[in-house]
Amino acid sequence: MTNDNSAPVVLIDDDRDLLKATAQTLELAGFSVSAFAVAAEALATLDAGFAGVVVSDIRMPEIDGLQLFNRILRLDADIPVILVTGHGDIAMAVKAIKDGAYDFITKPFAADRLVQSVRRAAEKRRLVMENRALREAAGEAQDSLPLIGQTPAMDRLRRTLRQIADTDVDVLVTGETGSGKEVVASLLHRWSRRARGNFVALNCGTLPETVIESELFGHEAGAFTGAQKKRIGRIEHASGGTLFLDEIESMPVSTQVQMLRVLEMREVTPLGTNEVRPVDLRVVAAAKVDLGDPRQRGAFREDLYYRLNVVTISIPPLRERRDDVALLFFYFAERAAARFHRPVPAVPATVHRHLSDHDWPGNVRELAHFAERFVLGLEEGAEAPAPTQSNAAMKLPERLERYEADIIRETLGRNDGDVRRTIEALGIPRKTFYDKLQRHGIVRSDFSR
């Protein structure tokens with residue numbers, strides 16, 4: 001977030017002397033001004049991601065201020081447009097206000113009148129952009145749970161997954177228990193052209209050696225005692241899609257040899273037959289240990305490790321991305337509230353402190369369970385309200401309001417109620433901070449230790 005006074009301003013006026021003077025006024029007030037004498041040039045710099053304010057004169061050649069405003073409306077109706085008018089243009093300006101223009105200012109105007117209007121418009125635009133970011137985060141959360149997060153590590157992880165999803169390379173995923181290794185594998189599948197094929201998962205650590213070969217390679221009827229019917233193995237079932245091998249460090253050595261051949265030849269021979277069947281699959285393997293370290297690798301074959309290690313993705317543990325804990329907690333709490341048909345309770349300071357202080361050795365999985373217990377009133381300091389309107393039934397503005405309040409409470413808790421540190425962490429002006437405290441009924445002293 002940025003201070004509203006540093007917001008970008010696009011200024012348009014065909015009177016070059018007035019353009020220069022107005023630009024200087026806004027720059028002295030702290031705004032970042034891009035000045036244009038021609039509206040078409042200004043339009044070329046604008047898109048829906050523009051985070052600032054447009055200030056334009058109405059009477060201009062070629063594209064006038066009203067035409068410019070209408071084009072910006074089509075581009076993004078939430079971009080604040082302030083129109084500067086002569087006395088004869090007031091009727092037009094009033095109509096533009098009805099159509100969605102942010103403000104109009106008549107000439108001649110006091111510098112402070114313009115600055116205050118731009119400042120308020122910049123604050124409005126900032127809130128719009130924040131709300132859009134929250135909606136995008138929610139959409140991404142639905143699409144990439146539990147890869148929710150705004151820390152640089154999670155941004156890099158999502159970018160990497162997008163970059164390699166369609167490359168068909170085999171991938172080795174490393175990360176602690178509960179960090180989301182299967183979700184990474186699932187996303188690589190869903191974001192690739194293999195998405196129409198099967199995503200087949202197998203945990204190598206849960207199957208005994210006598211079973212895992214049959215599970216992976218399949219078998220013919222009578223291949224061994226108890227094999228009464230033909231069975232298609234997981235590898236063949238994943239042909240055209242993705243095979244996910246979790247805890248691959250637990251795979252028996254004899255199976256590792258066969259798996260190495262599958263990776264090299266892309267073919268499989270079911271138990272009880274000499275028939276070789278080609279397979280078209282991508283393998284994503286996951287390990288809880290560093291297979292590149294011989295001490296941790298143990299009996300795992302070095303050649304299989306290097307064959308799998310075309311691309312390695314490491315998922316950071318939750319304790320290394322603490323700034324994502326609150327975002328994840330609120331997401332899981334909302335999901336639990338929808339599941340249990342009850343609202344999310346107010347989050348007390350004790351829970352905020354636990355979120356920030358706990359190391360979360362079980363990572364995202366542990367946090368998700370904690371959020372569920374909190375919604376059910378099973379965590380200390382949390383009371384489960386009587387089931388009323390669930391979060392899922394709330395309108396988006398109400399959910400965003402609650403979400404904003406929770407972020408402020410979490411940040412206050414993390415900073416022990418210190419106003420200066422909280423404002424710096426939130427990146428908002430002091431007045432805005434106090435306005436939000438009042439609107440959400442938050443008592444700052446409740447978070448002081």
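Visitor: What makes strand E6 (residues 171-174) and strand E11 (residues 282-287) a pair?

Guide: In this predicted model, E6 and E11 share 4 bridges in the parallel sense. Two strands pair if there are at least two bridges between them, so E6 and E11 qualify. Across this pairing, the bridge partner of Thr174 is Ala287 in E11.

Visitor: Which sheet holds these strands, and in what order?

Guide: An open sheet of 5 strands, ordered E7-E8-E11-E6-E12, with parallel pairing.

Visitor: Why are strand E7 (199-203) and strand E12 (311-314) called edge strands?

Guide: Each of E7 and E12 pairs on one side only. From one strand to the next, the twist averages 20°.

Visitor: Why is Glu247 called buried?

Guide: Its relative accessible area is 18%. Buried means under 20%, so Glu247 counts as buried. Glu247 lies in the loop between strand E8 (242-246) and helix H10 (253-265), and has a positive phi, near 50°, without being glycine.

Visitor: Why does His341 count as exposed?

Guide: The relative accessibility of His341 is 56%. His341 sits in the loop between helix H13 (325-340) and helix H14 (349-357). Phi of His341 is also positive, near 60°, in a residue other than glycine.

Visitor: How much of the protein chain counts as buried?

Guide: Of its 449 residues, 48%.

Visitor: Which residues does a cis peptide bond join?

Guide: Lys107 and Pro108, with omega about -10°. Pro108 is placed in the loop between strand E5 (103-106) and helix H5 (111-144).

Conventions: Residues are numbered from 1 along each chain as its sequence is written. This is a predicted model: local features need pLDDT of at least 70, side-chain atom pairs count only at pLDDT 80 or more; totals for chains, interfaces and linings use all residues. Side-chain values use heavy atoms; hydrogens and water are left out. Axes are lines fitted to C-alpha atoms, for helices over the stretch in contact, and angles run from 0 to 180 degrees between N-to-C directions. Buried means under 20% relative accessible area, exposed over 50%, partly exposed in between (1.4 Å probe, protein chains only).
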